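Hi there,

Here is the structure I promised to pass on. Have a look at it first, and my notes follow below.

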Amino acid sequence: MSARSTSTATPLRLPVRVVPGARRSEVVGRLGEAWKLRIAAPPERGRANDELVALLARTLRVPRSAIRVARGHTIGQKLVEVQHLTREEAERRLVSAREKRP
C-alpha cells in the first residue's frame with residue numbers, strides 16, 4: 001500500500017500542540033491525541049504557523065503546499081490537514097523524527 005493517495009482523497013487531519021519561541025524547531029512527542037512540536041519562530045504575524053508548516057513538510061517529507069493549518073491559527077492547539085499521506089505513514093515519520101532528537 002502506497003503512502004501517497006490521490007489528490008481527491010480526504011486530507012489527513014493531524015492535531016498538534018505548538019510551543020512557539022523554542023530554541024529550535026522539533027518534534028517532541030505525543031501529548032494525548034496530539035503531537036507536541038516546538039517551533040523556533042515567535043508567535044507573531046503568522047511566523048510560528050509558517051515554521052510549523054515547514055517543520056511538518058520536512059518531517060513528513062511532503063511539499064509545503066500539501067500542509068494547511070485548518071484550525072487554531074492564533075492558539076497553540078491546532079488542527080493541521082496533510083494531503084498525500086496516510087495516518088500510519090505520518091505516525092511512522094513523526095515517531096522517527098522524535099527518536100532522532102539529540
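β1 and β5 pair in the antiparallel sense, over six bridges; two strands count as paired if DSSP finds at least two bridges between them. Within this pairing, R13 stands opposite E81 in β5. β4 and β5 also run antiparallel, with four bridges, and here R71 faces L79 in β5. These two strands form a hairpin with five residues between them, and G72 in the turn has a positive phi of about 90°. Helices (H or I, at least four residues) and strands (E, at least two) are DSSP runs, numbered from the N terminus.

This is a predicted model, where local features need pLDDT of at least 70, side-chain atom pairs count only at 80 or more, and totals for chains, interfaces and linings use all residues. Residues are numbered from 1 along each chain as its sequence is written, and side-chain values use heavy atoms, leaving out hydrogens and water. Mean pLDDT (the predictor's confidence in each residue, from 0 to 100) is 91 for the protein.

Five of the six residues of β5 are buried (under 20% relative accessible area; exposed is over 50%, partly exposed in between; 1.4 Å probe, protein chains only).

By contrast, E33, in the loop between β2 and β3, is exposed, at 69% relative accessible area.

Best wishes
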